[in-house]
Structures are given as structure tokens and as C-alpha cells.
Amino acid sequence: MTRFIDVHSLVRLVDETGVPQFLMALADALRDDFLRWREFDKKARVASHSHLGVIELMPVADDGAYAFKYVNGHPNNTQLGLPTVMAFGVLAEVDTGYPVLLSELTLTTALRTAATSAMAAQALARPGSRSLALIGNGSQSEFQALAFHALLGIEQVRVYDSDPHATDKLVRHLSACTPLDIVRARSVAEAVRGADIVTTVTACQGRATVLTPEMIEPGMHINAVGGDSPGKTELHPDVLRKARVFVEYEPQTRVEGEIQQVGADFPVHELWRVLLGEVPGRETPTQVTLFDSVGFALEDYTALRYIQRIATERGVGQQIALVPELEDPKDLFGLTASGRRRAVLRRAA
């Protein structure tokens, strides 16, 4: 049988654990998997684009487990009462192909993205960073703020969104659950000024310039999350040229990330190499670092494995017959009504 984790089951796991604790545990698991990067069979996600958005499949595997995520990105969905991003995923045994877990990944994607952001910032931001500018206050924003508070000790969050209702929502939620000093800015420039870390997580379409070069200050760490598909970016290309840039999986980020705006020879460094100590991260206190985060399948693999473990330990979720359970593994027809009647006739004869 396959364990099924629907939205209600995932919410139960998160609530029982606590959001900050869930994010910290997920960040630890992500770091462990990034440290064994070479063990994974990796490929860029498969995308199907339309004029309204994108639908993607994201596969990855090691010797023991295979995972994939189905995910969309449709910025106009909010006008229809739907989330911009919706996702589900599967974890299967490599040896047999048997699916052991089917899980929601919409809420999980926001959690794993925030955990990955904070994990990267631990390696790249200046030690002692205490202020975060959060540009884009939609569905992922609370998780980003909580992850940076829990993993880096961020004390102040400066928030801005072109939609004031989104900022109202973010301020209401953070005020109720954290001791963070929340500063509501009147513009991107005001939010960014003097910040140690800047996260951009907008749903802007096209070649947006949420951050421009004059906003960037020495020593900043930039966490660029919202630009994640061809033709969709958040940063002026000169922001990239001012920074030491880090990515998840270079072949995918060259197509989908902020670095799609610069030449194929523009230097970048994969994050796993920094975590392993193979290349330096931040080289000086005044250097600008940038994590060009588009989301990679390994992060979903980690999240699915973590969910599978804690759900099994706590007995959360349903056991469902996602694939047939057969007495004779060669007799699939026997599941049907015609097949059962033939079995009865054989027994009667």
C-alpha cells in the first residue's frame, strides 16, 4: 500500500512539529543531501509552457529512492481563487519502482524553498546578519521570514509588496507568531536600504527589475527566488555583475534563473560545492553574494523523504491502493468484473 499525505495530513505534521522546528529539520536534511550531491541522478525539469503559465515535472533519484514533483506556475490564478503554485509528488523504491508515498507538495514547496534559502544564506551571508528585506509578500513570504529568523537569527524584517493587501496579511501573521521587528516599507528601495539580506519572491511576469544596481550595498546577500522560468526574472542584469553568484543545478538555472540574462560564460558556483568546502562562498565581508534559486528536484526528494519518515513514525496519512495488490502478479485482468466471473466459472467447473 502507498501512504497518502493530503493537505490536512501535512498541516497536522507541520502543526505538531511547529513551523520553525519543521523548517530547521528540513534545512538539516537538505544540507545532508546536498553533501552527497554526486550520488544523485540529476536532470533539469521538464516544462510545458503556455501564455498563462507553466506546468513542470521535476525528477531525481539516488540508488535507493526516486522522486518527482508535478508543479505549476500560473500568476493569474489568484483572480480565479486558486494558488499561483500547486504541487504534488511521489516517492518510490528504485529496486522495485513501487510508490511508497503520494503527497501534497504545495505547502511543502513553500517550506522547502524557505529552508533552502536559509540554508544557502548560512553559507553565504555575512555572519551576524540581523535584517532581512522581503520583497513580495505572497504565499511564500511568511515561510521565508520564519526560516531566516530560526536559522540565522534575523531580528528585523522590512516588507514590501505592490499589493498592500498581501503586506497586510504578512504583517498580521508574523505579528501573531514571532518576536520579529516588522517594518512596513513604502517602496522596494526603502525596504532594501541597509538590509543585510534581501529576498525577492515576487510573481512578476517577464523581465522585471525588482532590484536595480543602485539599491545594492557592499556585503549584502541576495536571495533571488521569484525568477524561475525562461523569460521570468526579477533582477537587473547589472545586479548579477556586481555579485558572486551561486546556483543549485547550473544546467537548469542557465535556462530558468536570473543568469539567463547574461552570457553562457558568466561565472557561477553550485551551492553543494560550497557546502563541501570545494569552493569558497563569501570571500570578503564587503562582497555581494547572490543565490539564484529556481528550485531543484533534489529539494523535493529531501522533503518527501522527511515527510515519509515523520508520517510513518506518527501514523499520519492514509494507506491507499495506488497500484494493484495481486495474488498472481501476472493476472491484472482478474481485477475486473469479467476476470472475476471467469475465475468463478473455472472454480465451478
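Predicted model: local features only at pLDDT ≥ 70, side-chain atom pairs only at ≥ 80, totals over all residues.
Start by selecting the strands of the open sheet: 8 of them, in the order 10-9-8-11-13-17-15-16, with parallel pairing. Now colour strand 10 (181–184) and strand 16 (269–270); these stand at the edges with a single partner strand each, so one side of each has no neighbour in the sheet.

Next, zoom in on strand 15 (residues 244–247) and strand 17 (residues 289–292), which pair in the parallel sense over 4 bridges. Look for R244, which stands opposite T289 in strand 17.

**Helices on the sheet.** Then show helix 4, lying across strand 8 (131–135), strand 9 (156–160), strand 11 and strand 13, and running at about 165 degrees to strand 8.

**Where the helices meet.** Keep helix 3 (residues 106–124) and helix 4 (residues 141–152) on screen: their axes come within 9 Å and cross at roughly 40 degrees, which makes helix 3 oblique to helix 4. The crossing is right-handed. For side chains, pick from the contact list, including L107, L111 and A114 in helix 3 and F143, F148 and L151 in helix 4. The residues of this contact comprise 12 nonpolar, 4 polar and no charged.

**Last stop.** Select K169 in helix 5 (residues 164–177). Is K169 buried or exposed? K169 is buried, because its relative accessible area is 19%, under the 20% cut-off. Beyond its sequence neighbours up to four places away, K169 touches N137, G138, S139, S141 and E142.

Notes:
Residues numbered from 1 in each chain as written. Heavy atoms only, no water. Helix = DSSP H or I, 4+ residues; strand = E, 2+ residues; numbered from the N terminus. Buried < 20%, exposed > 50% of the residue type's maximum accessible area, 1.4 Å probe, protein only. Contact = heavy atoms within 4.5 Å. Axes fitted to C-alpha atoms, helices over the stretch in contact; angles between N-to-C directions. Parallel < 35°, antiparallel > 145°, perpendicular 65-115°, else oblique. Left-handed = near helix turned anticlockwise from the far one by under 90°. Nonpolar A, V, L, I, M, F, W, Y, C, P; charged D, E, K, R; others polar. Pairing = 2+ DSSP bridges.
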